[in-house]
Amino acid sequence: MELFSGLFSALGLSGAAGLNAYIPLLVVGALSHLGVMHLAHSYDVIANPYFMLVVGIFAALDFVGDKIPGLDHTIHLLGGVLNTAAGAVLFASQSGIADIPAPLKLALGLVVAGGIHATRTAIRPVATMTTAGLGNPVVSAAEDASSLTLSVLAVFAPILAVLGLAGFGMVAYRMYARFGGGRRRAL
């Protein structure tokens, strides 16, 4: 049972990193530092106060920059690397999945975070076009809130985090079908 809980937690955290690389790193770092959760041994650096300070600075810069139309697209391009790497590290850091080989854990985290981030990056232009960029801060705030919620759920109620990821996938698919799917049919 611990393997499933650890796997669901890892999936939730890597999915949260796909939305925002910094929030789940800070949540996991703080909870590990406080002794609420335990990380796999080689990932203890996430709980280091200096590491959390650096991540916090980048989180603040990302929080502001992601609300500015135009700059947010640049941040998403950089996030293609940062978010997926954070997702891979967060997936692999979970001590409850020690039986899974490290390369597989990193690959699974990379795929989950990369898929969520790619979906997020594909959806954002729809918000930009339909609201002339005025909706971007709202969408960004929703992404940040979703990342925080997924991060907390991944630690304390992992099954709910996985259900949240499934819900995100359904919403993304519906948005694609509504806004992006029509262009393909017209061709």
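Lys 67 lies over the face of Phe 63, 3.7 Å from the centre of the ring. A charge counts as sitting over a ring if NZ of Lys or CZ of Arg is within 6 Å of the ring centre and within 35 degrees of the ring normal.

This is a predicted model, in which local features need pLDDT of at least 70 and side-chain atom pairs count only at pLDDT 80 or more, while totals for chains, interfaces and linings use all residues. Residues are numbered from 1 along each chain as its sequence is written, and side-chain values use heavy atoms, with hydrogens and water left out.

The predictor's confidence in each residue is given by pLDDT, on a scale from 0 to 100. Its mean over the protein chain is 88, and 95% of the residues reach 70 or more. Confidence is highest in helix H2 (residues 22-33), at 97, and lowest in H7, at a mean of 78.

The secondary structure comes to 7 helices and 0 strands. Both kinds of element are DSSP runs numbered from the N terminus: helices are H or I with at least four residues, strands are E with at least two. Along its principal axes, the C-alpha trace spans about 50 × 35 × 25 Å. For 187 residues, a compact globule would have a radius of gyration near 16 Å, and the protein chain agrees with its 16 Å. This radius is taken over C-alpha atoms, and the globule rule is 2.2 Å times the number of residues to the power 0.38.

Of the 187 residues in the protein chain, 43% are buried. A residue is buried under 20% relative accessible area, exposed over 50%, and partly exposed in between (1.4 Å probe, protein chains only). Contact means heavy atoms within 4.5 Å. Among contacts with a separation of 6 or more, 72% join residues 24 or more positions apart.

Gly 29 lies in helix H2 and counts as buried because its relative accessibility is 0%. Leaving aside neighbours within four places in sequence, Gly 29 is in contact with Ile 46, Ala 47 and Met 52. Phe 51 is 22 residues from Gly 29 in sequence, and their C-alpha atoms are 8.6 Å apart. Leu 165 lies in helix H7 (residues 158-186) and is buried too, at 15% relative accessibility. Not counting residues up to four places away in sequence, Leu 165 touches Leu 11, Gly 12, Gly 15, Ile 116 and Leu 150.

The aromatic rings come next. A pair of aromatic rings is described by the distance of the centres and the angle of the planes. Rings of Phe, Tyr and Trp (its six-membered ring) pair if their centres lie within 6.5 Å; planes under 30 degrees apart count as stacked, over 60 as edge-to-face and the rest as tilted. By this rule there are 2 aromatic pairs. Phe 4 and Phe 8 form a tilted pair, 6.5 Å centre to centre with 45° between the planes. Both residues lie in helix H1 (residues 2-19), 4 residues apart, about one turn of the helix. The rings of Tyr 22 and Phe 58 also form a pair, with centres 6.5 Å apart and planes at 15°, so this pair is stacked. Tyr 22 lies in helix H2 and Phe 58 in helix H3 (residues 49-65), so the pair ties together parts that are 36 residues apart in sequence. Tyr 22 is buried, at 14% relative accessible area, whereas Phe 58 is partly exposed, at 45%.
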